[in-house]
Amino acid sequence: MKQSEINLLLNEAAECLKKHNWKLPPEPEWCATDFGLGDYEKAGLVEVLLCNEPEYCEKIMYARENMVTPCHTHYEKKEDIIVRHGRVKFTLWNKNPEENKAEGTVEIKINRKMETKKSGEPFELKEGERVTLTAGVWHEFAPVGGPALIGEVSTYCNEEIDNVFADKKVDIFQAPEADEKVATPCC
Ligand SMILES: [Fe+2]
(Lines give C-alpha, C1' and ligand atoms only; values in the text may rest on other atoms or scores of the structure.)
Protein backbone atom coordinates (compact mmCIF):
# COMPACT_ATOMS: atom_id res chain seq x y z
CA MET A 1 0.00 0.00 0.00
CA LYS A 2 1.28 3.46 -0.81
CA GLN A 3 1.99 5.83 2.05
CA SER A 4 -0.14 8.42 0.22
CA GLU A 5 -3.10 6.01 0.34
CA ILE A 6 -2.52 5.41 4.03
CA ASN A 7 -2.38 9.17 4.68
CA LEU A 8 -5.59 9.66 2.71
CA LEU A 9 -7.46 6.95 4.60
CA LEU A 10 -6.22 8.08 8.00
CA ASN A 11 -7.39 11.62 7.26
CA GLU A 12 -10.76 10.34 6.11
CA ALA A 13 -11.10 8.26 9.28
CA ALA A 14 -10.13 11.24 11.45
CA GLU A 15 -12.77 13.39 9.70
CA CYS A 16 -15.42 10.71 10.20
CA LEU A 17 -14.52 10.34 13.89
CA LYS A 18 -14.69 14.11 14.34
CA LYS A 19 -18.03 14.30 12.53
CA HIS A 20 -19.50 11.69 14.84
CA ASN A 21 -17.97 13.26 17.91
CA TRP A 22 -15.56 10.48 18.77
CA LYS A 23 -12.74 11.79 20.93
CA LEU A 24 -9.44 9.98 20.75
CA PRO A 25 -6.84 9.86 23.52
CA PRO A 26 -3.54 11.74 23.04
CA GLU A 27 -1.17 10.11 20.53
CA PRO A 28 -3.51 7.37 19.36
CA GLU A 29 -1.97 4.43 17.51
CA TRP A 30 -3.25 4.62 13.92
CA CYS A 31 -2.84 2.11 11.17
CA ALA A 32 -4.33 1.49 7.75
CA THR A 33 -4.06 -1.64 5.68
CA ASP A 34 -5.07 -2.98 2.29
CA PHE A 35 -4.39 -6.47 3.70
CA GLY A 36 -1.50 -6.72 1.25
CA LEU A 37 -3.95 -7.29 -1.61
CA GLY A 38 -3.17 -4.02 -3.39
CA ASP A 39 -6.64 -2.50 -3.72
CA TYR A 40 -7.70 -0.75 -0.52
CA GLU A 41 -11.10 0.21 -1.95
CA LYS A 42 -11.94 -3.50 -2.15
CA ALA A 43 -10.17 -4.72 0.98
CA GLY A 44 -9.04 -2.18 3.52
CA LEU A 45 -9.39 -0.95 7.05
CA VAL A 46 -8.23 1.86 9.33
CA GLU A 47 -7.67 0.91 12.94
CA VAL A 48 -7.05 3.05 15.98
CA LEU A 49 -5.78 0.99 18.87
CA LEU A 50 -7.19 2.47 22.08
CA CYS A 51 -5.80 -0.09 24.50
CA ASN A 52 -4.36 -3.58 24.46
CA GLU A 53 -3.96 -5.14 27.88
CA PRO A 54 -3.44 -8.83 28.71
CA GLU A 55 -7.14 -9.15 29.60
CA TYR A 56 -8.79 -6.83 27.10
CA CYS A 57 -8.39 -4.66 24.03
CA GLU A 58 -10.35 -1.85 22.44
CA LYS A 59 -10.20 -0.41 18.93
CA ILE A 60 -12.18 1.98 16.83
CA MET A 61 -12.06 1.27 13.11
CA TYR A 62 -13.11 3.02 9.94
CA ALA A 63 -13.93 1.72 6.50
CA ARG A 64 -15.58 3.14 3.40
CA GLU A 65 -18.67 1.53 1.90
CA ASN A 66 -17.84 -1.96 0.57
CA MET A 67 -14.25 -1.91 1.92
CA VAL A 68 -14.04 -5.41 3.22
CA THR A 69 -12.08 -6.87 6.09
CA PRO A 70 -11.49 -10.25 4.46
CA CYS A 71 -12.52 -13.57 5.91
CA HIS A 72 -10.42 -14.58 8.89
CA THR A 73 -10.61 -16.22 12.27
CA HIS A 74 -8.63 -16.14 15.49
CA TYR A 75 -7.01 -18.97 17.43
CA GLU A 76 -7.69 -17.30 20.75
CA LYS A 77 -9.19 -13.85 20.49
CA LYS A 78 -12.85 -13.39 21.38
CA GLU A 79 -14.21 -10.11 20.08
CA ASP A 80 -17.32 -8.00 19.95
CA ILE A 81 -17.54 -6.10 16.69
CA ILE A 82 -19.81 -3.12 17.28
CA VAL A 83 -21.41 -0.84 14.72
CA ARG A 84 -20.69 2.60 16.16
CA HIS A 85 -21.88 4.53 13.12
CA GLY A 86 -23.45 3.40 9.84
CA ARG A 87 -24.42 -0.11 8.77
CA VAL A 88 -22.18 -3.13 8.42
CA LYS A 89 -22.66 -6.37 6.53
CA PHE A 90 -21.21 -9.45 8.20
CA THR A 91 -20.69 -12.93 6.86
CA LEU A 92 -19.81 -15.80 9.18
CA TRP A 93 -18.68 -19.33 8.40
CA ASN A 94 -18.24 -22.40 10.57
CA LYS A 95 -15.24 -23.55 8.49
CA ASN A 96 -12.62 -21.91 6.27
CA PRO A 97 -14.64 -21.05 3.13
CA GLU A 98 -11.54 -21.29 0.91
CA GLU A 99 -11.25 -24.95 1.81
CA ASN A 100 -14.86 -25.97 2.46
CA LYS A 101 -18.22 -25.48 0.88
CA ALA A 102 -20.36 -23.15 3.00
CA GLU A 103 -22.96 -25.30 4.70
CA GLY A 104 -24.62 -25.63 8.05
CA THR A 105 -25.04 -22.93 10.61
CA VAL A 106 -23.13 -20.75 13.02
CA GLU A 107 -24.45 -20.24 16.55
CA ILE A 108 -23.59 -16.70 17.44
CA LYS A 109 -24.45 -14.05 20.01
CA ILE A 110 -25.93 -10.93 18.48
CA ASN A 111 -26.87 -8.12 20.82
CA ARG A 112 -26.29 -10.49 23.76
CA LYS A 113 -28.74 -13.13 22.50
CA MET A 114 -27.85 -16.40 20.81
CA GLU A 115 -28.91 -16.60 17.17
CA THR A 116 -28.45 -19.12 14.41
CA LYS A 117 -27.01 -17.81 11.15
CA LYS A 118 -26.49 -19.76 7.96
CA SER A 119 -22.81 -20.27 7.25
CA GLY A 120 -21.77 -17.98 4.38
CA GLU A 121 -25.00 -15.98 4.30
CA PRO A 122 -24.53 -12.24 4.87
CA PHE A 123 -26.59 -10.24 7.36
CA GLU A 124 -26.57 -6.60 8.36
CA LEU A 125 -26.19 -4.89 11.69
CA LYS A 126 -27.07 -1.27 12.27
CA GLU A 127 -25.76 1.42 14.56
CA GLY A 128 -25.45 0.25 18.15
CA GLU A 129 -25.65 -3.44 17.30
CA ARG A 130 -22.90 -5.95 17.98
CA VAL A 131 -21.84 -9.47 17.23
CA THR A 132 -19.83 -11.56 19.68
CA LEU A 133 -17.30 -13.64 17.77
CA THR A 134 -15.69 -16.55 19.54
CA ALA A 135 -12.36 -18.06 18.47
CA GLY A 136 -12.76 -20.33 15.45
CA VAL A 137 -15.70 -18.49 13.86
CA TRP A 138 -14.65 -17.30 10.41
CA HIS A 139 -15.81 -13.74 9.77
CA GLU A 140 -15.76 -10.98 7.19
CA PHE A 141 -17.37 -7.54 7.29
CA ALA A 142 -17.82 -4.38 5.26
CA PRO A 143 -19.84 -1.16 5.58
CA VAL A 144 -22.99 -0.82 3.47
CA GLY A 145 -24.76 2.36 2.37
CA GLY A 146 -21.83 4.60 3.28
CA PRO A 147 -18.74 4.59 5.49
CA ALA A 148 -18.87 3.12 8.99
CA LEU A 149 -17.18 3.47 12.33
CA ILE A 150 -16.74 0.03 13.79
CA GLY A 151 -15.76 -0.66 17.37
CA GLU A 152 -13.94 -3.71 18.63
CA VAL A 153 -13.80 -4.87 22.22
CA SER A 154 -11.89 -8.09 22.65
CA THR A 155 -9.50 -10.18 24.59
CA TYR A 156 -5.79 -9.47 24.03
CA CYS A 157 -5.02 -8.77 20.40
CA ASN A 158 -1.90 -10.46 19.06
CA GLU A 159 -2.06 -9.91 15.32
CA GLU A 160 1.31 -11.54 14.69
CA ILE A 161 0.21 -15.00 15.74
CA ASP A 162 -3.55 -15.00 16.27
CA ASN A 163 -5.04 -13.89 12.92
CA VAL A 164 -5.67 -16.55 10.28
CA PHE A 165 -6.95 -15.33 6.91
CA ALA A 166 -8.77 -17.61 4.49
CA ASP A 167 -7.02 -15.98 1.53
CA LYS A 168 -3.35 -16.95 1.88
CA LYS A 169 -2.33 -13.86 -0.10
CA VAL A 170 -3.38 -11.58 2.75
CA ASP A 171 -0.40 -9.92 4.42
CA ILE A 172 -1.16 -7.35 7.10
CA PHE A 173 2.51 -6.67 7.78
CA GLN A 174 3.52 -5.46 4.34
CA ALA A 175 5.70 -2.32 4.54
CA PRO A 176 4.14 0.75 2.89
CA GLU A 177 5.58 2.10 -0.35
CA ALA A 178 7.19 5.40 0.66
CA ASP A 179 5.79 7.71 -2.02
CA GLU A 180 4.95 10.40 0.53
CA LYS A 181 5.95 11.39 4.05
CA VAL A 182 4.15 9.76 6.97
CA ALA A 183 1.42 12.15 8.09
CA THR A 184 -0.35 11.52 11.36
CA PRO A 185 -3.87 12.91 11.32
CA CYS A 186 -4.94 15.31 14.01
CA CYS A 187 -8.20 14.36 15.63
FE1 LIG B 1 -11.54 -10.70 13.74
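In which helix does Glu 12 lie?

## Helix H1 and Glu 12

Glu 12 is part of helix H1. The structure described here is a predicted model, and H1 covers residues 3–19. Glu 12 has 17 C-beta neighbours inside 10 Å, and it therefore counts as partly exposed, since that class lies between the limit of 12 or fewer for exposed residues and 20 or more for buried ones.

Arg 64 is 52 residues away from Glu 12 in sequence, yet their C-alpha atoms are 9.1 Å apart in space.

## The nonpolar core

In soluble globular proteins, nonpolar side chains tend to be buried together. The largest nonpolar core of this model contains 41 residues. Ala 13, Val 46, Ala 63, Val 88 and Ile 150 are the members with the most contacts inside it. Two or more residues of this core come from each of H1, strand E2 (45–52), strand E3 (57–63), strand E5 (79–93), E6, strand E9 (130–133) and strand E10 (138–154).

The surroundings of Val 46 can be given by name. With neighbours within four places in sequence left aside, Val 46 is in contact with Leu 9, Leu 10 and Ala 13, with Ala 32, and with Met 61, Tyr 62 and Ala 63.

## Strand E4 and its partners

Strand E4 spans residues 69–74 and is mostly covered, five of its six residues being buried. E4 pairs with E10 in the antiparallel sense over two bridges. Within these two strands, Thr 69 stands opposite Phe 141 of E10.

E4 also runs antiparallel to strand E11, residues 163–165, to which three bridges join it. Here His 72 of the model stands opposite Phe 165 in E11.

## Two loop residues with positive phi

Glu 27 is not a glycine, but its phi is positive, at about 45°. Glu 27 belongs to the loop between helix H1 and strand E1 (29–33). Is Glu 27 buried or exposed? Glu 27 is exposed, because 7 other C-beta atoms lie within 10 Å, and 12 or fewer is the limit for that class.

Asn 111 is likewise a residue other than glycine with a positive phi, near 50°. The loop that holds Asn 111 lies between strand E6 (105–110) and strand E7 (113–118). Asn 111 has 11 other C-beta atoms within 10 Å and is therefore exposed.

How values were computed:
Residues are numbered from 1 along each chain as its sequence is written. This is a predicted model: local features need pLDDT of at least 70, side-chain atom pairs count only at pLDDT 80 or more; totals for chains, interfaces and linings use all residues. Helices (H or I, at least four residues) and strands (E, at least two) are DSSP runs, numbered from the N terminus. A nonpolar core is a set of buried Ala, Val, Leu, Ile, Met, Phe, Trp, Tyr and Cys residues joined through C-beta atoms within 7 Å. Two residues are in contact if their C-beta atoms, placed from the backbone, lie within 7 Å. Two strands pair if DSSP finds at least two bridges between them.
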